[in-house]
Amino acid sequence: MTRKLILDCDPGQDDAISLFMAFAARDRFDILGVIAVAGNTSLEKTHRNARILCELTQHTDIRVYAGCDAPLHHPLATAEEVHGREGLDGIEIYTPQMPLQTQHGVDFLIDTLLGSEDETITIVPTGPLTNLATALTRQPKIAPKIKEIVLMGGAYREGGNITPSAEFNFYVDPHAAQIVLECERPITVFGLDVTHQVLSSPDILARIKSINNKVAQAAHQILQDYSRFEIDRYGIDGGPLHDPCTMAYLLQEDLFEFKQCNLRVEADSPLARGHCVLDFWNTKPLPKNVKWAHHVNHEKFFDLLITQLEKYS
Ligand code: BDR
Ligand code: CA
């Protein structure tokens, strides 16, 4: 049986790789829609980029929606210095032919969930959590419909990548992260602790480059540009494949090790906005609201990524 997914993203170079993996697995996933959110770049660019990626992979039957154009309370912070001026360095950017759905992404989320059986829809946010938080606030009856939220955000052992203590997605909309983390549905979280274990190092780039199809070549171009920035800025061996961890988990859960614990996010402190307070050692009798990923088998992760990219041949 296929698993029903709603992808909620801000493409974004690593979001793009995650979408490539998802679209290559439509025998496993029923992709009900892709919702764009403002994050790595403006909403206009993220929904355009999402449609470019659908056209590149020839999955133009997938419906793309525009969601929220700004975080709940903070002004939008973007990451063009990482992902490029258009939010997706490495491939040609143009005005896609594929239409944007006219319905707002949050309305799509609410209507789809309300019209579904309980515990049937998996939501996969790989950007700021504004869309899902807005939907949960506006229509709390959607919560029981959610089977699982599989998200990329936060950090515990790794510190921050946008401020000393915050990861980008949680930093951009920490109030949205708080709402989602309190929704009392199963939440699986891939933060920097695990995404920094899967780097697009030169040998990985060479493996991707050797795959003879258009999508793999685009993935190579994207990751080459992305890796250059990360190597220069953070002195690491390549670009962390943050968002693809969500899809790798949905395809092959046993790649990861998890701990069930309490996770809260600081929203208002000017010093620690977006900081993750994770009770990894269960020091307090708090609800264990997340399944926190803390280890990944990186060799098998990259084997899976390569397998997914080979499917476009
Ligand atoms: C997250 O921030 C974005 O720049 C990436 O797309 C990823 O979702 C990593 O901190
Ligand atoms: Ca992202």
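User: What is the strand order in the open sheet of 9 strands?

Analyst: The order is β3-β2-β1-β4-β5-β6-β11-β9-β10, and the pairing is mixed. Keep in mind that this is a predicted model.

User: Which strands stand at the edges?

Analyst: Those are β3 (64-66) and β10 (276-279). Each has a single partner strand, so one side of each is left without a neighbour in the sheet.

User: And the twist, what does it average from one strand to the next?

Analyst: The average is 30°.

User: Which helices pack on the sheet?

Analyst: Helix α2 (residues 43-57) is one of them, touching β2 and β3. The direction of α2 makes about 175° with that of β3. Helix α7 (residues 174-181) also packs on the sheet, where it touches β5 (146-152), β6 (187-190), β9 (256-265) and β11 (290-296). Between the directions of α7 and β9 the angle is about 115°.

User: Back to β1 and β2. In which sense do they pair, parallel or antiparallel?

Analyst: Parallel, over 7 bridges, with β1 covering residues 3-9 and β2 covering residues 29-36. Leucine 5 stands opposite isoleucine 31 in β2, and cysteine 9 is opposite alanine 36.

User: How many residues of β1 are buried?

Analyst: 5 of its 7, so β1 counts as mostly covered.

User: Aspartate 15 and threonine 126, buried or exposed?

Analyst: Aspartate 15 is buried, as is threonine 126.

User: Now ligand 1. Which residues are around it?

Analyst: Asp14, Asp15, Asn40, His83, Thr126, Met152, Asn161, Glu167, Phe168, Asn169, His242 and Asp243.

User: What lies 2.9 Å from an oxygen atom of ligand 1?

Analyst: An N or O atom in the side chain of histidine 83 is at that distance from a ligand 1 oxygen. A polar side-chain atom of asparagine 161 also lies 2.9 Å from an oxygen atom of the ligand.

User: And where is the side chain of aspartate 15 relative to an oxygen atom of ligand 1?

Analyst: One of its polar atoms is 3.0 Å from a ligand 1 oxygen.

Note on methods. Residues are numbered from 1 along each chain as its sequence is written. Chains are lettered from A and ligands numbered from 1 in the order in which they are written. This is a predicted model: local features need pLDDT of at least 70, side-chain atom pairs count only at pLDDT 80 or more; totals for chains, interfaces and linings use all residues. Side-chain values use heavy atoms; hydrogens and water are left out. Two strands pair if DSSP finds at least two bridges between them. Helices (H or I, at least four residues) and strands (E, at least two) are DSSP runs, numbered from the N terminus. Axes are lines fitted to C-alpha atoms, for helices over the stretch in contact, and angles run from 0 to 180 degrees between N-to-C directions. Contact means heavy atoms within 4.5 Å. Buried means under 20% relative accessible area, exposed over 50%, partly exposed in between (1.4 Å probe, protein chains only). A residue is near a molecule or strand if one of its heavy atoms lies within 4 Å of it. A polar contact is a pair of N or O atoms within 3.5 Å; within protein, one must be able to donate a hydrogen and the other to accept it, and residues adjacent in sequence count only if both atoms are side-chain atoms.
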